[in-house]
Amino acid sequence: MSNSIISQEQIDLTIQEINNLKKDKVVLQQSLREQQTQTTANTEDLFLELLEIADALEALLDYLENNPNPSPEFIQRLPKSVWAVNRKFLGVLGKRQVLPVKIELQSTQPDFNLCRVVDREVRNDIADQTITKIVRRGFSLKDKILRPTEVITSKLEVEEL
């Protein structure tokens, strides 16, 4: 067995490294606290914006509940009101980079990274597997597809001999 002696230089280096690790720990803890504070603030902002949307929907529903025979003017304005709420909702999503996936009708075959075919319809006037209808919009978050666009595509009618 050999006795190894640790030099003063090695001790000093070890102490310096421990002190560096302690400083790094403090910086990381502070960074984590800042991130948690920011996440909480972002979450609160999101919920406040969603509550505004809920308020608008609730006002429409309250009116309908309290006016079983709404005026023709209200009925005429109702689609615009619902679209306004929808635009506000999409705006809330857009601020957080949740955006609708852009798909062109009758100009392309489905990109299976963006679409999911949910049905087929016989169409002999366009190429096979052309998107004919969007059933449900897809959404992406930055470069990731959160939900693929659900589409109906064409299929050629097969003539039986």
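Select Leu 64 first. With a relative accessibility of 32%, Leu 64 counts as partly exposed, because that class lies between the buried limit of 20% and the exposed limit of 50%. Keep in mind that this is a predicted model.

**Around Leu 64**

Leu 64 belongs to helix α1, which covers residues 8–66. Now show its surroundings. Beyond neighbours within four places in sequence, Leu 64 is in contact with Pro 70 and Phe 74. Ile 75 is 11 residues away from Leu 64 along the chain, and their C-alpha atoms are separated by 9.9 Å.

**The whole chain**

Zoom out and colour by secondary structure. The protein chain has 2 helices and 6 strands. In sequence order the pattern is α-α-β-β-β-β-β-β. The radius of gyration is 30 Å, well over the 15 Å that the globule rule gives for 161 residues, so the chain is more spread out than a compact globule. Turn the model to view its principal axes. Along them, the C-alpha trace spans about 95 × 60 × 25 Å.

Of the 161 residues, 16% count as buried. Next, colour the charged side chains. There are 21 positive and 25 negative ones. The centres of these two sets lie 3 Å apart.

Contacts are worth a look too. Among those with a separation of 6 or more, 61% are between residues 24 or more positions apart.

Go to residues 149–155, which form strand β6. Is strand β6 mostly covered or mostly open? Strand β6 is mostly covered, with 6 of its 7 residues buried.

Select strand β2, residues 115–122, alongside β6. These two strands pair in the parallel sense, over 7 bridges.

Highlight Arg 136 here. Its bridge partner in β6 is Glu 150.

**Ser 140 and its contacts**

Move on to Ser 140, in strand β4, which spans residues 139–141. Its relative accessibility is 13%, so Ser 140 counts as buried. Which residues does Ser 140 touch, not counting those up to four places away in sequence? They are Gln 97, Val 98, Leu 99, Val 101, Ile 145 and Leu 146.

**Two positive phi angles**

Follow that contact list to Gln 97, which Ser 140 touches. Gln 97 sits in the loop between α2 (72–95) and β1 (98–100). Check its backbone: phi is positive, about 65 degrees, although Gln 97 is not a glycine. Gln 97 has 40% relative accessibility, so it counts as partly exposed.

Finish at Lys 142. Lys 142 lies in the loop between β4 and β5 (144–147). Phi of Lys 142 is near 55 degrees, again a positive value in a residue other than glycine. Is Lys 142 buried or exposed? Lys 142 is exposed, with a relative accessible area of 60%.

Conventions:
Residues are numbered from 1 along each chain as its sequence is written. This is a predicted model: local features need pLDDT of at least 70, side-chain atom pairs count only at pLDDT 80 or more; totals for chains, interfaces and linings use all residues. Side-chain values use heavy atoms; hydrogens and water are left out. Helices (H or I, at least four residues) and strands (E, at least two) are DSSP runs, numbered from the N terminus. The radius of gyration is taken over C-alpha atoms; the globule rule is 2.2 Å times the number of residues to the power 0.38. Buried means under 20% relative accessible area, exposed over 50%, partly exposed in between (1.4 Å probe, protein chains only). Contact means heavy atoms within 4.5 Å. Lys and Arg count as positive and Asp and Glu as negative; His and the chain ends are not counted. The place of a charge is taken as NZ of Lys, CZ of Arg, CG of Asp or CD of Glu. Two strands pair if DSSP finds at least two bridges between them.
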